[in-house]
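Please keep the viewer open as you read.

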Amino acid sequence: YLRGYGASQVTIGTNSVLVVLQTTASSFYGLLNAPPSATFVKAGTAALSIRDNATNFFGTVIITNGTLELFDSNGRMAASGEISFFVTNATVELDNQPGTDNRNQNDRIHDDSPVYLSGGTLILRGSKNANTTENIGALVLQGGLNTILLDRDNTSPTPDNGATLNPTVFIRTNGATLFVDAEQLFTNTIAGARTRLYKDDAQPAPVLTHAYTADSPTIGIVHWAYGRDLGSAAWPTNWMGDEYGFLTYDEANSPDNGFRFLKPSEYYTNDLSLGGNVYLRLATNTLVLLTDSVAVQGLVLNRNISEGSTQGTLNLSNFVLHIESALLTSGTNNPATALTIRRTGSDGALMFGNANNNYEAVIHATRRIDIYAPIMDHIVGGVTNSTTLIKSGPADVVLRVAGGAGGAEFSSYSGDTYVNGGTLRLEGTSTWSYTSFNVIPTNTRVFLNSRSAILELYNAGQAIAGLYGYGRVNLNSGGNTTNRLVIHYTDTNEV
C-alpha cells in the first residue's frame, strides 16, 4: 500500500503503470509525479487518501476497488484536464469534511477532467467554511448502477453551506443507471444549504421521457435515474413515509438547470387511470386490480415496514400496464413483505418505454418485487419495438413462474437483459422441468454490469444467447430441482 509524509515523492515513468494494492487505509502527503503517458492504478479494498496537491501528475487514474480520497486543504489531482478518472466498482471521493478544521477546496479535479463510472461512485462532501462547487469534465456512465453522493457540510445542528457538482455534460452508454444520494437536491429549505447536480449550460441536457411540465404529474423524468433525499424528514420527498423518488432535469423553467426530485404535486396518488407519474402505496393485504389497459409515465410502488408481514399486490388481471418511463420499488427491503405484480388473465402483461428512451424496461428496485407476469415488447398501433430489460437498484427483482394464466415465463421482449446491480432472480417451482422451460426469452443476451450484479436461477433452467460482464451467476434450489444455464453464443469468438 502507499503511505508517505513530508518530502515523500513517487515518480511514474513514461508509459509506465503503478499499481497500488491498498490493503490498509493510509494517507499520502507527498508528491505524485507522472507524464501524460503514465497510469496510476488504485486497487485493494482499503482507502487511499491523497492529502497534497499533485502539481506534477499528468497521467491517467484508474480505481478498481475501494476508495481514492482527495481531501484536506491540498488534496488535489488537478494539474491538467488531460487527467482522466476511470472508476470501476469503486469510489472516488472529494472530501471537504475531514476533521474539525473543515477545509474547502473547489478544484480537487480539473475543470476539464472526465470521470468514467462503471458501477462506480463519485462523492462530493461540502465544507462548513463556504459553499463548495466542483467543476469537472464529462461525467460518463459507462455501464452498471452508478452512484452520485452529494453531502452538504457536516455542521451540527444546522448545515449552512451547499455542495454543487457541475460536470460539463452527462453521457450514458450500455444501459447504465444512476442513483443520486443527496441532501435537499435543488431545494430552498435553508438559503444556500442545498446540493446541486447540473451540467454546463452550453451542453445538451439529459433527455426526458415526456415534456417538461413543472408542478404537474405529467412532468417528464430521467428514466435511467432515481434518487434518495438524505435531508430532513420534513423534505417533501418523504411525504408518504419514504425517501426514494424519481428525478427530473429542471432546465426550461428554472434559473438553476439540474437534477431535482419530483415534488408531491408531480405524482398522482394511488390512481393508475390518469396517465402521469403515479405513487402507488400497497398497504397490508392491498390488492390493486386493473380494470382496463392503462399507460402511466413513471410508477413508484411503495409499502411501509410497519404494515405487517403480508404482501401487497398489483393484479394486472387480463390487461396491459404500460410504464412509459420506469418502475421504482420503494420502502424497507424485506423479502418476507415483497411487493408483487400478478395477472389472472392470459393477456395480462407489463409493457415499457417510448421512443424517447429507446423502449427500455427499467426497474429500479430498492425493495424486493416478485413479478408473476410477462414483460413484452413495446407494441402500439400494430408497430413492435424491441424492448431491453434493465434491472437497477440493490434489491431483488424476481421473475416468477405461475400457475393458472402463467407468469414471467411468457415474457416475449426481444432485446438484451442488463443486470446493473443487485439480483435478477429467475424462479420456477420445485416441480418445474428445467430441461423444458425458460423464465425469460432464450434469444436475450445477459450483461452483468457490476461486481454486485447477480443472475440467479432458482428451481429453474434458462437458455440465453450470450453472457457478458463481471458479475455472478448463482444456481440455487429450494428442493431437489436441478438448475441448468445454457449459453448459445452465435459467435464462438465471444466465449
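Predicted model: local features only at pLDDT ≥ 70, side-chain atom pairs only at ≥ 80, totals over all residues.

Residues are numbered from 1 along each chain as its sequence is written, and side-chain values use heavy atoms, with hydrogens and water left out.

Let's start with the pocket. On a 1 Å grid over the protein atoms alone, a pocket is an open set of points where a 1.4 Å probe fits, with protein on both sides within 12 Å along at least five of seven lines; lining residues have an atom within 4 Å of a point. The largest pocket holds about 290 Å³ of space. Its lining has 20 residues, and those closest to the centre are Thr121, Leu145, Thr147, Pro394 and Ser452. By type, the lining divides into six nonpolar, 12 polar (Gly counts here) and two charged residues. Strand 16 (145-151) and strand 21 (225-229) each supply at least two lining residues; strands here are DSSP runs of E, at least two residues long, numbered from the N terminus.

Now zoom in on Thr121, which sits in strand 13 (residues 121-125). Is Thr121 buried or exposed? Thr121 counts as buried because its relative accessibility is 18%, and buried means under 20% relative accessible area (1.4 Å probe, protein chains only). Leaving aside residues up to four places away in sequence, Thr121 touches Val87, Ala90, Thr91, Val92 and Thr147, where contact means heavy atoms within 4.5 Å.

Elsewhere, strands pair up, which requires that DSSP finds at least two bridges between them.

| Strand | Partner | Bridges |
|---|---|---|
| Strand 17 (residues 163-166) | Strand 20 | Three |
| Strand 25 (residues 278-281) | Strand 27 | Four |
| Strand 27 | Strand 29 (residues 320-330) | Eight |

Thr164 has Arg196 of strand 20 as its bridge partner.

Strand 27 (residues 294-302) is mostly covered, with eight of its nine residues buried. Within strand 27, Asn302 is the bridge partner of Arg281, and Leu301 stands opposite Thr329 in strand 29.

How values were computed: Buried < 20%, exposed > 50% of the residue type's maximum accessible area, 1.4 Å probe, protein only. Points joined across faces, edges and corners; volume = space filled by probe spheres on them.
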